[in-house]
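Subject: Handover of a structure

Dear colleague,

Please find below the structure that I am handing over to you. My notes on what was found in it follow directly after.

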Amino acid sequence: MGASRSDSDRRIGRRALLLGGAAAAVGTAVLAREELSHLWWRLPGVEKPRTPGAVDFRGAQWLAASPANYRRADRPADYSIDRVVVHVTQGGFASAVKAFQDPDHKAAAHYIVRKDGHVTQMIRELDVAFHAGNREYNERSVGIEHEGFVEDRSSFTDAMYASSARLAAGICRRYGIPVDREHIIGHVEVPGTDHTDPGRYWDWDRYMGLVRSVKTTKS
């Protein structure tokens, strides 16, 4: 599956600072300052309001991932978002949803796009999903899974490309992300990953052209 099980940043919640003078409990003052700089929004009255079932992509279906598979955040206020990471599930839609709702899976992406173009959102974009297998990339990116298999060209349908392109274009508009291959990448391009998705049959030229077309039309 595109999202990676090995992601040490899921442990941040257990070692995060208590916002009232527990900086000494962390190993160094440098680490304390770094983590506090990303936790200010947890103070009473600061956290962004959250509406149950709200989605960031109009028309998406909400199915919540297990809280064990992402970290609550307040992006882009605490972490800037400058990447979209393209994944392939290596399985069917239902199996991907089941995995992302399993707390023992320890990984999930923000979105899943089905072969028929249907979009399901499982994690809010403001939160850090454990999808890339790299803490820094998780903090700065939105992950989009696509139903199918990397070695099956038929997995990537017209409806999937069109729907995913609309989704990616919307993400790029919201965060000012350039529509290029430096900022819209495959999971295989994330440093340190052992994944190969989206694979050789993913048509990057077609996909990027669709994303640019949608973004230009709606900008």
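Buried means under 20% relative accessible area, exposed means over 50%, and partly exposed lies in between (1.4 Å probe, protein chains only). Helices (H or I, at least four residues) and strands (E, at least two) are DSSP runs, numbered from the N terminus.

Please note that this is a predicted model, in which local features need pLDDT of at least 70 and side-chain atom pairs count only at pLDDT 80 or more, while totals for chains, interfaces and linings use all residues. Residues are numbered from 1 along each chain as its sequence is written, and side-chain values use heavy atoms, with hydrogens and water left out.

Just after helix 5, Gly176 has a positive phi of about 65°.

Two further residues with positive phi are not glycine. Gln90, with phi near 60°, sits in the loop between strand 3 and helix 3 (93–100). Its relative accessible area is 38%, so Gln90 is partly exposed. Lys106, with phi near 65°, belongs to the loop between helix 3 and strand 4 (111–113). Lys106 has 27% relative accessibility and therefore also counts as partly exposed.

The next topic is cis peptide bonds. One joins Arg75 and Pro76, with omega about 0°; Pro76 is in the loop that runs between strand 2 (70–71) and strand 3 (83–86). Another joins Asp197 and Pro198, with omega about 10°. Pro198 is in the loop between strand 8 (184–186) and helix 6 (204–218).

Finally, which residues does Arg212 contact, leaving aside its neighbours within four places in sequence? They are Val179 and Asp180, where contact means heavy atoms within 4.5 Å. Arg212 is part of helix 6 and, because its relative accessibility is 40%, counts as partly exposed. Between Arg212 and Pro178 there are 34 residues of sequence separation, and their C-alpha atoms are 9.6 Å apart in space.

Yours sincerely,
A colleague
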